[in-house]
Number of protein chains: 2
Amino acid sequence: MRIALDAMGGDHAPAEPVAGAVAAARAYGIEVALVGRTVAIEAELAKHDTAGLALPIIEAPDLIEMDEHPANAARRKPNASINVALRLVKGGTAAAMISAGNSGAVMAAALLTLGRIPGIERPAIGAVLPTPGGRVLLIDAGANTDPKPSQMVQFGQMGAIFMEKVQGVRNPRVGLLANGEEASKGNELVQATHPLLAASSLNFVGNIEGKDIPAGAVDVVVADGYTGNVVLKLTEGVASMLLGMIRTELTANVLTKILAAGLRPVFRRVRSRLDYREVGGAPLLGVEGVVVIAHGRSDARAIENAIRACKEAADGGTVAAIRSLRPTKVAGGIA
Amino acid sequence: MRIALDAMGGDHAPAEPVAGAVAAARAYGIEVALVGRTVAIEAELAKHDTAGLALPIIEAPDLIEMDEHPANAARRKPNASINVALRLVKGGTAAAMISAGNSGAVMAAALLTLGRIPGIERPAIGAVLPTPGGRVLLIDAGANTDPKPSQMVQFGQMGAIFMEKVQGVRNPRVGLLANGEEASKGNELVQATHPLLAASSLNFVGNIEGKDIPAGAVDVVVADGYTGNVVLKLTEGVASMLLGMIRTELTANVLTKILAAGLRPVFRRVRSRLDYREVGGAPLLGVEGVVVIAHGRSDARAIENAIRACKEAADGGTVAAIRSLRPTKVAGGIA
């Protein structure tokens with residue numbers, strides 16, 4: 001299997017993407033096509049032992065910066081690494097594409113190059129959140145700020161497929177994010193979505209509250225992209241604040257410093273269980289191909305895991321499964 | 001000063017509310033009117049030393065259960081403790097009212113009994129969130145799931161008044177919760193609200209992201225009540241999950257258990273700095289009187305702090321200050 005990696009995307013490109021690709025090629029025995037400026041990529045590759053690894057370079061002379069307007073840049077830079085990598089997927093010479101670059105540009109370019117899966121109204125970003133009991137998929141994590149109820153139902157369907165095919169969760173529990181558990185709760189969008197989800201073939205458990213997400217009460221959390229993005233960044237922020245407070249308190253005096261030193265492995269384990277780098281990026285679901293968006297701050301470890309996530313999504317057949325949702329779309333809504 | 005306490009409200013009523021009232025009367029030298037069933041309240045008071053404390057009982061034969069329909073119960077039970085306590089405020093014989101009961105019923109009853117402050121379109125719940133750098137007011141934390149842009153601006157104005165008058169923050173920084181910092185980010189509501197906040201006399205710092213809330217990047221976070229409620233409960237949930245994970249890891253073996261025992265005061269300090277019980281309840285801003293909603297799980301310590309919050313809001317003159325917002329309302333929006 002060949003995965004196309006945007007070697008120029010992310011805050012630490014191309015060094016970290018290339019290092020992650022080397023690690024992934026070795027760990028999973030797959031081919032990783034490094035898309036970007038050949039000279040820069042070759043310089044990074046020279047720092048690693050790549051003997052026996054399949055790491056071809058695909059030249060892409062252009063690149064999209066993190067602060068460029070997503071849709072404009074995607075359209076005006078056909079030879080940017082994001083677009084070249086997506087064309088490998090479109091042409092069938094790569095099974096999946098992954099980028100830690102401008103995520104809005106990845107979405108826009110994926111829509112332009114790969115297009116939507118027929119029947120899917122709006123592709124959505126699924127963010128995998130680690131919880132003590134397992135992983136939870138939050139969908140939509142930021143692609144659609146004002147979705148329609150029928151689109152929310154599709155988010156739930158695509159999310160359930162991902163959790164089943166890629167994360168191996170049988171009959172995933174789907175919850176609708178609301179401001180209370182009762183069916184009457186929620187804003188207008190949530191209230192209109194609730195009966196559609198209840199009538200669908202999903203394992204819909206009803207409305208859930210913010211606290212139910214980290215508690216792992218469901219496998220798939222359906223939310224509009226505005227709220228989903230707030231949830232994603234708030235979760236990261238609260239965890240980071242709390243660990244920071246504990247660190248400050250532990251280093252406040254000599255005694256606690258000594259005790260804390262002995263507990264370092266404990267804190268390392270907690271941090272690693274919550275680490276976005278272990279999760280492996282967020283799938284963009286609903287486009288005609290496997291696309292994984294990695295955190296802009298991704299280091300080699302995060303890229304390696306995101307490449308693994310690409311492989312798992314391609315192996316699991318998420319795109320084909322989402323394509324098969326099509327017949328369930330009926331006039332006026334989703335059955 | 002006399003504060004009216006709904007002695008029958010909350011999961012642990014009347015025991016914890018009465019215990020909290022005794023503590024507050026002693027700590028702050030104020031009168032706390034205990035509103036509810038005289039016999040039950042007298043039985044609880046008998047467990048405490050109340051010599052010299054001002055703790056009159058005001059009979060209210062009825063009560064509103066936690067699972068009753070808020071608006072219906074508020075209307076159909078005029079002699080419920082929530083309604084009787086609010087009438088003390090309305091009649092001027094109490095400076096403020098606090099309840100840990102059915103929060104929807106408190107809101108509905110406050111609107112019925114006290115009414116809105118002229119010019120305020122919708123009262124909102126302000127939730128005080130503790131952060132390492134200080135307190136942040138999240139408004140609206142759940143009263144209005146689909147507010148209008150002009151109402152969002154008023155949330156910001158009322159929140160800024162609260163932070164200034166009650167928390168002593170000079171020229172509070174107001175942020176609009178969004179899925180990105182750029183002014184172009186947000187859902188339709190946020191995009192329509194942004195220019196109104198920018199044109200207001202508030203110290204508006206622009207859009208903020210979920211991670212900026214625990215980081216204490218602003219003093220007032222403006223959000224619709226649906227998203228605000230998700231933020232409030234998610235913050236609680238993530239902190240509780242993380243502390244639970246650390247606890248599990250620390251008790252995993254004998255060595256870490258011993259080390260952790262020495263660090264117990266550290267964790268106690270961290271927990272107490274994040275504890276909702278120390279915050280003292282959420283003000284309902286925009287009604288004609290000081291109303292504080294306490295957590296349903298409130299214990300005596302939480303009630304004592306909520307009574308202190310009532311006193312501070314009454315001392316600070318939040319209602320008069322919000323009333324003075326009226327002239328700033330102009331046709332088509334808020335200046």
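## Basis of the model

The model is predicted, with local features needing pLDDT of at least 70 and side-chain atom pairs counting only at pLDDT 80 or more, while totals for chains, interfaces and linings use all residues. Residues are numbered from 1 along each chain as its sequence is written, and chains are lettered from A and ligands numbered from 1 in the order in which they are written.

## Chain A as a whole

Chain A holds 13 helices and 13 strands; helices (H or I, at least four residues) and strands (E, at least two) are DSSP runs numbered from the N terminus. The radius of gyration of chain A, taken over C-alpha atoms, is 20 Å, close to the 20 Å of the globule rule (2.2 Å times the number of residues to the power 0.38) for 335 residues, so chain A is as compact as a globular protein of that length. Its C-alpha atoms fill a box of roughly 60 × 60 × 35 Å along the principal axes.

Of the 335 residues in chain A, 58% are buried, meaning that 20 or more other C-beta atoms, placed from the backbone, lie within 10 Å of the residue's own. Two residues are in contact if their C-beta atoms, placed from the backbone, lie within 7 Å. Among contacts in chain A between residues at least 6 apart in sequence, 72% join residues at least 24 apart.

## The sheet of chain B

In chain B, 11 strands make an open, mixed sheet with the order β3-β2-β1-β4-β11-β10-β5-β6-β9-β7-β8. Two strands pair if DSSP finds at least two bridges between them. The edge strands of chain B, β3 (57–59) and β8 (203–208), each pair on one side only. From one strand to the next, the twist averages 25°.

Helix α4 (residues 81–90) of chain B packs on this sheet and touches β1 (2–6), β2 (31–36), β3 and β4 (96–99) of chain B. The direction of α4 makes about 165° with that of β1(B), where axes are lines fitted to C-alpha atoms, for helices over the stretch in contact, and angles run from 0 to 180 degrees between N-to-C directions.

## Strand pairs

β4(B) pairs in the parallel sense with β1(B) over three bridges, and B:L5 has B:I98 as its bridge partner in β4(B). Four bridges join β4(B) to strand β11 (residues 290–293) of chain B, also in the parallel sense; here B:S99 is partnered by B:I293. In β4(B), B:A96 and B:I98 point one way and B:M97 and B:S99 the other, and all are buried.

Strands β5 (residues 124–131) and β6 (residues 134–139) of chain B run antiparallel and are joined by six bridges. B:L129 stands opposite B:V136 in β6(B).

Methods:
Buried ≥ 20, exposed ≤ 12 C-beta atoms within 10 Å, placed from the backbone.
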